[in-house]
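Hello,

Here is the structure we talked about handing over. Please have a look, then read on for what turned up in it.

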Amino acid sequence: MRAILEWGTYNGLSTLRKAFLLGVRLTEIPPGDFMKRRDEGYFDSYRETASSFSVITAHGPYYALSGKDLDTLEKSRRVHVRAIQMAERAGASVYNVHLGGVGEDRDASIHLAAETVKEMLNATKDIIITLETTYSPKFLGFPEDVRAIMEIVGDERVGISFQLENDFIREMEVYKDGKFHEADSKVDEQFWIGLLRKHKDLFAGHVSLRFSQVTGLYLRKRIFVKKRTPLGMGYPSLDVLSRALAEYIVKHVEYESTPVHLIYTGPPETKYRDAIKFYYYVAREVAEHL
């Protein structure tokens, strides 16, 4: 019988021992391991070393799945095809990707992204692809974008991954004014539960939840970008989120989609301490419902 709640953070091969010592159940191969084009032996070693983890996932490199320049897009597709093959070789059951920027025609960008996803699926056997949610209309990754891509692809191995701080910024439109504190004061447990329940049919075999607290800044006074912070130094509120996730996991997940993958994605300097803290906050609230 599988555990309902699997948790962890990203680890390269050299840091797996640290995760073992902390009792982490899930490990994610970071995008850097694919961007460095490590050889097959590295991923064979990763699979062997990580075999005691209950779940291995992978985060694809930061290459957009769509774009106006077809030569650049073809290069991106080749990178992703090799990366997902290496992820599967390393024992990963899930390959998560950012969709990337959106062009002038959002529908056209969605169709190009869907074709990229098809190529990745054709290059693998069993691995699930999760499409990560974004924080701004400048990028693909609204739940509606993910739904449209899934409908075009038509394969059960494609699903959604909620990057929760992105969902907070997007749904509360923080990208327009950068008013994090004001937006955070308006968010309650039902905001999170409603978001996840609304799109529950987009999960592919598991509930994929990622999180890091953030702040934001404007580049050249008009381009908003988020900045990840150590836990406790950013937004959205951990207390409200953990209570919401606990209620959702206990009351809405058990017979709909299991297990839950809870992946901490914060700054590397504090990721182990903060991954444990994040899991503790959620598990503590889960215990209140049992």
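**Helix contacts**

Leu-73, Arg-77, His-80, Val-81 and Ile-84 of helix H4 meet Leu-112, Glu-115, Thr-116, Glu-119 and Met-120 of helix H5. By type, that contact holds five nonpolar, two polar and three charged residues. Bear in mind that this is a predicted model. H4 covers residues 70–89 and H5 covers 106–122. Their axes come within 9 Å and cross at roughly 35°. The crossing is right-handed.

H4 also packs against H3. Here the angle is about 35° and the axes are 8 Å apart. H3 brings Glu-40, Phe-43, Asp-44 and Arg-47 to this contact, and H4 brings Arg-82, Met-86, Glu-88 and Arg-89. The make-up is two nonpolar, no polar and six charged residues.

**Helix H3**

H3 runs over residues 40–49. Which of its residues are buried? They are Tyr-42, Phe-43 and Tyr-46. Viewed down the helix axis, the buried residues of H3 fall within an arc of 90°, so they line one face. The general rule is that an α-helix has 3.6 residues a turn, so residues three or four places apart point the same way. The buried residues of H3 pack against helix H1 (16–21), strand E2 (26–29), helix H2 (31–35), strand E3 (55–59) and H4.

A side-chain oxygen of Asp-39 comes to within 3.1 Å of the backbone nitrogen of Gly-41.

**Helix H11**

H11 spans 238–253. Twelve of its 16 residues are buried, so the rest of the structure largely encloses this helix. Among them are Leu-238, Val-240, Leu-241, Ala-244, Leu-245, Tyr-248 and Ile-249. Ser-242, Glu-247 and His-252 are buried too. The cover over the buried residues of H11 includes strand E1 (5–10), H7, helix H10 (189–198), strand E7 (207–211), E10 and helix H12 (271–289).

At the start of H11, a side-chain oxygen of Ser-237 reaches to within 3.4 Å of the backbone nitrogen of Asp-239.

Tyr-235 and Pro-236 are linked by a cis peptide bond, with omega about 0°. Gly-234 sits in the loop between E9 and H11 as well. Is Gly-234 buried or exposed? Its relative accessible area is 14%, under the 20% cut-off, so Gly-234 counts as buried. Leaving out neighbours within four places in sequence, Gly-234 is in contact with Gln-213, Val-214, Thr-215 and Thr-229. Gly-234 and Phe-224 are ten residues apart along the chain, and their C-alpha atoms are separated by 16 Å.

**Two positive phi values**

Most residues other than glycine have a negative phi, and most peptide bonds are trans. Arg-37 has a positive phi, near 50°. Its place is the loop between H2 and H3. With a relative accessible area of 53%, Arg-37 is exposed.

Glu-173 has a positive phi of about 55°. This residue lies in the loop between helix H7 (164–171) and helix H8 (174–177). At 37% relative accessibility, Glu-173 is partly exposed.

His-261 is in strand E10, residues 260–264. Its relative accessibility is 5%, so His-261 counts as buried. What does His-261 touch, not counting residues up to four places away in sequence? The partners are Glu-6, Leu-26, Val-55, Thr-57, Val-94, His-206, Val-207, Ser-208 and Leu-209. His-261 and Arg-210 are 51 residues apart in sequence, with 8.0 Å between their C-alpha atoms.

Lys-125 lies in the loop between H5 and strand E5 (128–132). At 70% relative accessibility, Lys-125 is exposed. Not counting residues up to four places away in sequence, Lys-125 touches Glu-88 and Arg-157. Glu-88 is also one of the H4 residues in the contact with H3. Lys-125 and Ser-52 are 73 residues apart in sequence and 22 Å apart in space, C-alpha to C-alpha.

Best wishes

How values were computed. Residues are numbered from 1 along each chain as its sequence is written. This is a predicted model: local features need pLDDT of at least 70, side-chain atom pairs count only at pLDDT 80 or more; totals for chains, interfaces and linings use all residues. Side-chain values use heavy atoms; hydrogens and water are left out. Axes are lines fitted to C-alpha atoms, for helices over the stretch in contact, and angles run from 0 to 180 degrees between N-to-C directions. Helices (H or I, at least four residues) and strands (E, at least two) are DSSP runs, numbered from the N terminus. A crossing is left-handed if the near helix is turned anticlockwise from the far one by less than a right angle, and right-handed if clockwise. Contact means heavy atoms within 4.5 Å. Ala, Val, Leu, Ile, Met, Phe, Trp, Tyr, Cys and Pro count as nonpolar, Asp, Glu, Lys and Arg as charged, and the others, Gly among them, as polar. Buried means under 20% relative accessible area, exposed over 50%, partly exposed in between (1.4 Å probe, protein chains only). The arc is that of the directions from the helix axis to the C-beta atoms. A polar contact is a pair of N or O atoms within 3.5 Å; within protein, one must be able to donate a hydrogen and the other to accept it, and residues adjacent in sequence count only if both atoms are side-chain atoms.
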